[in-house]
Amino acid sequence: MGEAAERIVLEARDLRKSFGGVRAVDGCSFVVPAGRISGLIGPNGSGKTTTFNLLTGLTAPDGGQVIYKGANLAGLKPHEIFRKGITRTFQITRVFREMTVLENMLSVTGLAVPDRVARERAAELIELVNLGHLRAEYGGRLSYGQQKLLEFARALMTDPDLILLDEPAAGVNRTLLQHLLDHIHRLREQGKTIVIVEHDMNVIMNLCDRIFVMDYGVKIAEGPPADIQRNDRVLEAYFGRRRRPDGSAPEPGGHGPGSVGAG
Ligand code: ADP
Ligand code: MG
């Protein structure tokens, strides 16, 4: 199937957002193909989280459009966008510390299913992310990685069509990470569309069908992982500021990037 035949689920057109003098997102356009995993990468502060905030209504854009299912979502409130089938996780988790794992799962608003079904779904999802043994534990007592997994599971409660993940792997240990990656793959098999911001290059390169790269609020490259790994502009933006002592850029697929792009 050629790319031209791909269905587009969401299109960002010329999105803009400034904070004081900082142009966090400075005229960013991209399309998200349906049923694929798209990666959004870029150095720390390049505008990735702000882009997610613009797509999900947490931040109102200064300009531009977010076209989803034929309508412009720009400027809608988060709950309005959420109801249209877009959900997300946060770079800094928003797990309720005083609620149990199960209660956190059920705290999602706008569940259009009976309580019994919601509880069943919650239990299933908790098992999927391997938190079953902690279902009665308070959110505040989970490790950081477990909170990330809980937030991921909670994002799936409404069975969304489009899932935006902001650094879901950060702080998650290797075993749990593998479960998380398996589950993201499974979501794609179910026909879900996923956009993931992640600084772990191994995760990004192995997971994504397509990658967008941001720097200083603009998209500087996009393409399949293999192309992005070789793209000079990306290497310059992404690694240029952190060259090794010998001047060489670390390999995106290796351990080099480390925490570049985190935060
Ligand atoms: P990333 O997620 O790629 O690391 P962000 O979108 O968080 O980048 O930030 C992009 C730029 O916008 C940074 O310079 C950041 O400091 C700035 N920024 C983000 N959110 C705010 C805010 N609420 N107020 C002021 N500046 C912000
Ligand atoms: Mg961020």
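Modeller: The model is predicted, and every value below is computed from it. Helix α1 covers residues 48–55, and since 8 of its 8 residues are buried, it is largely enclosed by the rest of the structure. The buried residues begin with Lys48, Thr49, Thr50 and Thr51 and continue with Phe52, Asn53, Leu54 and Leu55, while the helix is followed by Gly57, whose phi is positive, near 85°. Ligand 1 is surrounded by 12 residues, and the closest of them are Phe19, Ala24, Lys48, Thr49 and Thr50. Although β2 (22–33) and α1 each supply at least two residues of this shell, α1 gives the most, with 3 residues. Sorted by class, the shell around ligand 1 holds 8 polar, 3 nonpolar and 1 charged residues.

As for the core, the largest nonpolar one has 63 residues, and Ala153 and Val213 are those with the most contacts inside it. Leaving aside residues up to four places away in sequence, Val213 touches Ile41, Gly42, Lys219, Ile220, Ala221, Glu222, Ile228, Val234 and Ala237. Strand β9 (residues 210–215) pairs with strand β10 (residues 218–223) in the antiparallel sense over 5 bridges, and Asp215 stands opposite Val218 in β10. These two strands, β9 and β10, form a hairpin with 2 residues between them, and in the turn Tyr216 has a positive phi of about 50°.

Key
Residues numbered from 1 in each chain as written. Chains lettered and ligands numbered in written order. Predicted model: local features only at pLDDT ≥ 70, side-chain atom pairs only at ≥ 80, totals over all residues. Core = buried A, V, L, I, M, F, W, Y, C linked by C-beta atoms within 7 Å. Buried ≥ 20, exposed ≤ 12 C-beta atoms within 10 Å, placed from the backbone. Contact = placed C-beta atoms within 7 Å. Pairing = 2+ DSSP bridges. Helix = DSSP H or I, 4+ residues; strand = E, 2+ residues; numbered from the N terminus. Near = placed C-beta within 6 Å. Nonpolar A, V, L, I, M, F, W, Y, C, P; charged D, E, K, R; others polar.
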